[in-house]
Amino acid sequence: MAKLSAAQYGKDNIRVCKVHRNEQTGVQDVVEMTVCVLLKGDIETSYTQADNSVVVATDTMKQTTYIMAKQHPVTPPELFGSILATHFVDTYQHIHSAQVKIVTHRWTRMTIDGKPHPHSFLRDGAETRNVEAIASEGKGIDVRSAIAGLLVLKSTGSAFYGFLRDEYTALPETNDRILSTEVDAGWRWDIFESLKDVEAAVPKFDEAWRSAREITLSTFAKDESASVQNTMYKMCEQILAAEPKVKAVDYSLPNKHYFEIDLSWHKGLKNTGKDAEVYAPQSNPNGLIQCTVTR
């Protein structure tokens, strides 16, 4: 006999832009987000009996997101995600868990004539600041903050040797290589018992994001990397040390390969080892290294 063992539904790709205008200074700030809302609860009959009376329409979720963005601050995203998730659990008795995912897109203020422009911005990269907030009835709010899409490369200071070799191994060892990756790093906070606790932690969210980003970039640049695995572990250790309220840090780093090109066929032209200058960037396949580090 068939049984519904798990169910959730919601609205994805809700695009929101909020402009804050300071009437005294004339300076404006812009925040653009993509939001996903997913609900769980006593919704089984909507699947098994075509009972739509338990369905909060996904359009209602979209409109609610717009209204909450108007009535509440949208920064830091950890706060707005918690506000939105808590609203659904508090408003609908049959909804017991609400998951809100927020992707905050970059709009960096332009510098014109050597001065920050009051209302003009540019998108200087695909990097995003991401948040997932899950409000669960009687269980508090679980928040994960993240950096995604941060593309980095260094042209030296990375090696990879001493790895397991057998009859299937073709990869040569190297003491020096280009290292490039697209950073996806997250840190999960201790459970917040209520929305008030999230509000009290607001100053920590931006500080932790800046710290995690600086640690990621500094460690990537300075570490004489024996492997992506070891470098990412060092990053996790430092983020845990920097923020006592963070209980876990995770990284997912694809290894974007740049291969030397053997040009010796052309008049003995040297372009390998210490003579390598021209490389072929690779798309697929790529290594993918992941880890989670806890206290």
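Okay, hi everyone. Before we start, some housekeeping: residues are numbered from 1 along each chain as its sequence is written, and side-chain values use heavy atoms, with hydrogens and water left out. Since the model is predicted, local features need pLDDT of at least 70 and side-chain atom pairs count only at pLDDT 80 or more, while totals for chains, interfaces and linings use all residues.

Two strands pair if DSSP finds at least two bridges between them.

In what order do its strands stand? The order is 1-2-3-6-7-8-9-12, in an open sheet of 8 strands with antiparallel pairing. Strand 1 (9-21) and strand 12 are at the edges with a single partner strand each, so one side of each has no neighbour in the sheet. On average, neighbouring strands here are turned by 15° against each other, direction ignored; the axes behind that angle are lines fitted to C-alpha atoms.

Now zoom in on strand 3, residues 95-105. With strand 2 (residues 28-41), strand 3 pairs in the antiparallel sense over 10 bridges.

On to the helices, and helix 5 to begin with. Helix 5 covers residues 202-222, which is 21 residues, and runs 31 Å from its first C-alpha to its last. That is close to the 30 Å expected at 1.5 Å a residue, where the expected span is 1.5 Å times one less than the number of residues.

Which residues of helix 5 are buried? They are Phe205, Ala208, Trp209, Ala212, Ile215, Thr216, Thr219 and Phe220. Buried means under 20% relative accessible area, exposed means over 50%, and partly exposed is in between, with a 1.4 Å probe and protein chains only. Why do these residues line one face of helix 5? Because, looking down the axis of helix 5, the buried residues fall within an arc of 135°, the arc being that of the directions from the helix axis to the C-beta atoms.

On the face of helix 5 turned away from the buried side, the exposed residues are Pro203, Glu214, Ala221 and Lys222. Take Glu214: its relative accessible area is 55%, so it is exposed.

Next, helix 2, residues 58-71. Helix 2 has 14 residues and reaches 20 Å from first C-alpha to last, close to the expected 20 Å. Its buried residues are Met61, Thr64, Thr65, Met68 and Ala69. These too fall within an arc of 135° seen down the axis of helix 2, so they line one face. Lys70 and Gln71 are the exposed residues on the face turned away from that buried side.

How do helix 2 and helix 3 (residues 77-91) cross? Their axes come within 11 Å and cross at roughly 130°; such angles run from 0 to 180 degrees between N-to-C directions, and helix axes are fitted over the stretch in contact. The two helices are therefore oblique to each other. For the cut-offs, under 35 degrees is roughly parallel, over 145 roughly antiparallel, 65 to 115 roughly perpendicular, and the rest oblique. The crossing is right-handed, meaning that the near helix is turned clockwise from the far one by less than a right angle, with anticlockwise being left-handed.

Last stop, the loops. In general, most residues other than glycine have a negative phi, and most peptide bonds are trans. Thr75 and Pro76, though, are joined by a cis peptide bond with omega about -10°, and Pro76 is in the loop between helix 2 and helix 3. The bond from Asn284 to Pro285 is cis as well, with omega near -10°.

Ala50 has a positive phi of about 55° without being a glycine, and at 63% relative accessibility it counts as exposed. Asp113 has a positive phi near 55°, and sits in the loop between strand 4 (108-112) and strand 5 (115-122). At 77% relative accessibility, Asp113 counts as exposed. That's my tour, thanks!

Definitions and conventions. Helix = DSSP H or I, 4+ residues; strand = E, 2+ residues; numbered from the N terminus.
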